[in-house]
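Please open the model in your viewer and keep the selection tool at hand, as this tour moves from one stop to the next.

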Amino acid sequence: MLYIINMSLLYLFNLVKEKKIWFTFPLIIVLIVKGGLPDPYTTVDYLAYESEYNNKYLGFVSRFEWLYQDISSWAVKNYLTYSQFRVCLITGTFIILFVAVRRLTKNDKFFWLLFALFPFFPETVQVRSFAMIALILLAISFLKANKIQSYIVSAVLIFLGTGFHTSGYIFFLVLPIQFFFAKRWSVSLLRKIFLLFLVSSIFVSFMSTTGLTKKIMNLVQSVSGNDAVAENVNNIYSAGASISSVLLVFSFTLFFLLVIRIFGNSKIALDENIRVIFSLLTVTFVGMPLVMISSQYDRILREGIIGLIILLSIV
């Protein structure tokens, strides 16, 4: 009920042209509460995260990334329960995301309306990747200024993001892409890059479905002689493209085409905010062929959806 009331207020506030912070900030608190204090028994991954956290009290080493481990270890030393730790982590992540979005678009109330619909729920379930993408968005917001200091700050923030989830390493590609394409970006160029990755995803899906990927892995196994590693890779990446992966790529494609059509019709000029979003989107396109190999890469496409929501908010 609280979520429904919050969404209704967000919708009403989007009918008002005023862009003051106070319109959205109190409503973000509701999202923090919903994301930080979910039902443990109906929220995917909650019990796994809680178990991993509580094991720290027993001296077990966490399997998660270094920055998440450091923060959770600090929380354990200060005798915080997992619920308290989760609220603190979600709150900090939302603050970072709020600052990042505000630096990229002043129409942030429209962003929060769409974000609350999707991908709010999966992002706050996978808290590590959520913290990662918040730092990535803050990082790219510094690339608006084409200065060496901006690239250094951005690189540091991306590195901190990898401390929450290793998939963040792929976003280091945003730095050279923005450096080389900042003044060359156009909607036409973005469409061509998107089409290239879409075709690649279809090809990878064909390879995976026909078993060609598995044959390649068997070849790698025979050359390397490392049966254990080859078997792990084979099990994870050779299962074939799932229906959910195909639907995700299809949905991402439709949303991308819709946003680009709206963007093209708006006749809005490409400014620094739009250029860095284009660079971010280019990296997230990699998620289309990757998700055809393994569904664990769906988070990359979710980050692309967040980028498209910001672009739509700018328009």
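**First stop: a helix residue**

Select Ile95, which lies in helix α5, residues 82-104; helices here are DSSP runs of H or I with at least four residues, numbered from the N terminus. The model is a predicted one, in which local features need pLDDT of at least 70 and side-chain atom pairs count only at pLDDT 80 or more, while totals for chains, interfaces and linings use all residues. Residues are numbered from 1 along each chain as its sequence is written, and side-chain values use heavy atoms, with hydrogens and water left out.

Ile95 counts as partly exposed because its relative accessibility is 48%, given that buried means under 20%, exposed over 50% and partly exposed in between, with a 1.4 Å probe and protein chains only.

**Second stop: another helix**

Move to Phe25, whose place is in helix α2, residues 25-36, and which counts as partly exposed because its relative accessibility is 41%.

**Last stop: a cavity lining**

Finally, select Tyr49, Glu52, Tyr53, Lys56, Ser62, Phe64, Tyr68 and Ser72, the residues that line the largest cavity; a cavity is a set of points, on a 1 Å grid over the protein atoms alone, where a 1.4 Å probe fits but cannot get out, and lining residues have an atom within 4 Å of a point. Helices α3 (46-55) and α4 (66-77) each supply at least two residues of this lining, and α3 gives the most, with three residues.

Note on methods:
On a 1 Å grid over the protein atoms alone, a cavity is a set of points where a 1.4 Å probe fits but cannot get out, and a pocket is an open set with protein on both sides within 12 Å along at least five of seven lines; lining residues have an atom within 4 Å of a point.
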